[in-house]
Amino acid sequence: MSRKQAKKKKKKDASSQHTLKGVLDITRSGIGYVIVDNLPNDILVRPADFNTALHGDTVRVRVLSSSAKKSGRQQGAIVDVLQRKQMEFLGKIEIGKSAAFFTADTEKPMPDFFIPESALNGAKDGDRVIVRITEWEKQKKPVGAVIQIMEAGNEGDMAMKEILMENGFPLFFPENVIEEAERIPDTISPDEIKLRKDVRDVLTFTIDPVDARDFDDALSIRMLKNGMYEIGVHIADVSHFVEPDTALDKEAYDRATSVYLPDRVAPMLPERISNELCSLRPHEDKLTFSAIFQITESGEVSQYWLGKTVIHSDHRFTYEEVQEIIEKGEGLYQGEILLLNKLAQQFRAKRFTKGAINFSSQEVRFKLDETGKPIGIMVKESKEAHQLIEEFMLLANRIVAENVGKVKVNKKDLPFPYRVHDTPDEMKLMPFVEFAKKYGHTFDTKTPEGIAASFNQMLQDVQGKPEQHVLEQLGIRTMAKAIYTTENIGHYGLGFKHYCHFTSPIRRYPDVLVHRILHDVLKENVEPDKKLEQKCRHCSEKERSAMEAERAANKYKQVEYMKEFLGEEFEGVISGVAAFGFWVETIEHKCEGLVSINSLLDYDDFRHVESDYSLVGLRSGRKFAMGDKVRIKVVAANLTKRQLDYEWVIASGLKGSQGTQGSQGSSEETKRPTEKKPAPSRSKYIPAKKKGGKK
């Protein structure tokens with residue numbers, strides 16, 4: 001090699017080393033931007049430099065050294081795709097004389113796929129199909145295989161599948177994963193039972209939703225001779241069946257969570273695991289990982305035991321059945337149910353006195369016909385039966401985290417996947433505090449404990465008042481998001497210094513990690529996982545993707561339902577405000593739609609007052625504020641965009657006049673000029689559904 005060539009190679013090697021990891025975001029125009037954590041500006045990547053990367057993929061990008069000087073923005077070229085967000089796509093197939101090609105239904109530009117004749121799997125020209133990428137060599141078209149032909153006319157089914165795929169959740173398990181799951185034996189060997197605490201003779205039952213298919217937690221209860229109550233929280237021992245580095249484990253890690261849409265579940269594990277081997281079905285012996293507590297009558301945990309067990313569930317309860325027993329004081333195992341409920345309510349009261357925040361939660365459920373079309377909407381409320389299970393799961397999660405939190409390896413804390421929740425962000429909190437003052441609520445913001453106490457006092461004071469809805473929802477939005485991390489900063493919302501997810505390993509991968517580490521700790525054979533923080537970050541990202549999918553699916557079903565009511569009027573509550581309009585959630589259906597500011601122009605010219613979460617008319621003083629009740633008409637329902645459009649219905653006394661209805665803005669507010677921003681992508685501004693946040 002000549003000196004000149006060596007110098008050129010050295011320069012090339014040096015430039016290739018300057019690479020960054022990020023996520024590729026492709027715009028509709030086809031230009032890409034790699035978003036890198038802690039980098040103030042995204043890195044521009046032109047389509048010729050995508051190097052097989054698609055929208056949403058995690059990539060490694062090489063920064064071109066001269067790019068910033070020319071344009072002021074760093075430009076780069078993708079050198080490697082580290083993880084694909086999406087491997088399966090919905091679209092249309094075109095079959096010619098010599099070749100077949102697949103075009104994906106997507107707003108983001110992407111190449112057509114070549115489909116070999118052997119991979120058509122019965123698809124005909126023009127069929128809507130789902131295709132999976134099978135290979136993609138650089139500088140060539142991607143190669144795919146048809147994995148499902150879609151039924152004509154079932155748009156709702158296609159929409160749900162597309163939402164899952166768009167958010168990175170595959171529709172099918174690979175054959176090797178299914179085969180591995182099928183090979184696991186049904187029977188529990190006597191040798192395995194000898195290694196575990198046998199609690200099959202203790203009264204045990206499950207409490208789950210009526211439509212649940214997998215039962216991953218059970219409770220046992222008995223009175224001890226010392227006068228204590230022995231209560232066991234038994235969790236499906238998924239880690240016994242899903243061993244590290246197997247095909248099952250890798251697939252579960254990639255998915256990281258089950259996804260719950262209105263008409264289906266995209267499970268983290270194959271049904272063989274989730275619904276059969278691990279599901280704590282009644283009248284069957286099952287392997288579990290348990291936290292067994294001795295508890296006093298006043299609700300104090302005297303001592304606890306953690307370890308592997310074998311159980312036998314005596315009964316499967318639904319929440320509704322348990323709630324009826326609590327309310328009527330009669331029914332199967334009524335004494336045990338009432339005792340567990342009394343203890344749970346004691347736990348709950350203590351949590352709130354110690355700083356937990358008592359945000360209420362509402363969950364919308366759709367009543368569907370046999371085709372999956374929504375024919376009704378119900379609001380599921382948290383009752384004492386739900387709280388009973390919640391409190392014992394919280395107890396087990398906290399105790400496990402506290403136990404592992406004491407372990408040191410080489411005088412350092414053992415890496416562990418904690419579930420943490422940070423204190424509120426001051427930038428979000430202070431405007432809310434000022435807003436709450438208008439309703440007479442004061443906040444102690446000097447300490448996190450003071451903020452929590454102030455929140456609880458406010459939530460208690462607003463019960464049944466008109467402003468309850470707005471203050472609860474705005475309060476939730478000030479909260480940080482809970483995440484998984486090895487850095488234990490505690491769980492602010494729950495008021496716990498140590499917290500983890502131990503109780504749902506069938507549907508959450510972090511729980512599987514917790515089980516493995518806890519088992520190693522109990523066996524005193526601990527090997528710290530150096531990649532655990534990376535795994536935590538992956539699980540947090542997949543959880544966010546699952547929430548996005550669930551939110552999109554709920555929105556689709558809302559739009560599908562409200563299509564039947566075009567032109568009809570309903571009472572609603574303003575649930576969000578932006579410069580380009582306000583959102584209204586109907587009281588009857590809990591369906592949210594946008595009232596565009598353009599539809600208000602005939603009445604007045606409105607300006608956005610951010611500090612007051614309102615739009616104010618410059619001439620009339622008419623104010624539309626968060627929490628106001630308004631009447632709306634359904635004017636459009638766009639299933640493709642998952643958008644509902646409403647129009648404000650002017651009260652008869654106001655038509656043709658410049659009078660006011662509802663809340664009024666002050667003269668200062670009506671005169672305050674607020675810059676009118678262009679309406680951005682609506683999806684970024686639609687407020688999150690009111691679920692109270694995941695713990």
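**View 1. The whole chain, to get your bearings.** Of the contacts in the chain with a separation of 6 or more, 67% are between residues 24 or more positions apart; contact here means heavy atoms within 4.5 Å. What you're looking at is a predicted model, where local features need pLDDT of at least 70 and side-chain atom pairs count only at pLDDT 80 or more, while totals for chains, interfaces and linings use all residues. Residues are numbered from 1 along each chain as its sequence is written, and side-chain values use heavy atoms, with hydrogens and water left out. The chain has 17 helices and 33 strands, taken as DSSP runs numbered from the N terminus (helices: H or I, at least four residues; strands: E, at least two). Out of 695 residues, 49% are buried. Buried means under 20% relative accessible area, exposed means over 50%, and partly exposed is in between (1.4 Å probe, protein chains only).

**View 2. Helix 12 meets helix 13.** Two packed helices are described by the angle between their axes and the distance between the axes. For helix 12 (residues 426–437) and helix 13 (residues 448–461), the axes come within 13 Å and cross at roughly 40 degrees. Those axes are lines fitted to C-alpha atoms, for helices over the stretch in contact, with angles running from 0 to 180 degrees between N-to-C directions. Helix 12 and helix 13 are therefore oblique to each other (under 35 degrees counts as roughly parallel, over 145 as roughly antiparallel, 65 to 115 as roughly perpendicular, and the rest as oblique). Look for Leu 429, Phe 432 and Ala 436 in helix 12 meeting Ile 451, Phe 455 and Met 458 in helix 13. By class, that contact of helix 12 with helix 13 has six nonpolar residues, no polar ones and no charged ones. Ala, Val, Leu, Ile, Met, Phe, Trp, Tyr, Cys and Pro count as nonpolar, Asp, Glu, Lys and Arg as charged, and the others, Gly among them, as polar.

**View 3. Helix 12 again, now with helix 14.** Helix 12 packs with helix 14 (residues 468–478) at an angle of about 165 degrees, and their axes are 9 Å apart. So helix 12 and helix 14 are roughly antiparallel to each other. On the helix 12 side, the contact is made by Lys 428, Leu 429, Phe 432, Phe 435 and Ala 436; helix 14 brings Val 470, Leu 471, Leu 474, Gly 475, Arg 477 and Thr 478. Sorted by class, the residues of this contact of helix 12 with helix 14 are seven nonpolar, two polar and two charged.

**View 4. The two sides of helix 9.** In helix 9 (residues 319–328), the buried residues are Tyr 319, Val 322, Gln 323, Ile 325 and Ile 326. They cover an arc of only 160 degrees around the axis, so they sit on the same side of helix 9; the arc is that of the directions from the helix axis to the C-beta atoms. Glu 320, Glu 327 and Lys 328 are exposed on the other side of helix 9. What covers its buried residues includes strand 12 (204–208), strand 19 (315–318), helix 10 (334–353) and helix 11 (384–405). Just after helix 9, check out Gly 329, with a positive phi of about 70 degrees.

**View 5. Asp 157 in helix 3.** Asp 157 has its place in helix 3 (residues 155–166). With a relative accessible area of 17%, Asp 157 is buried. Leaving out residues up to four places away in sequence, Asp 157 touches Met 150 and Arg 264.

**View 6. Val 609 in strand 29.** Val 609 is found in strand 29 (residues 606–609). Its relative accessibility is 1%, so Val 609 counts as buried. Ala 625 is 16 residues apart from Val 609 along the chain, and their C-alpha atoms are separated by 9.3 Å.
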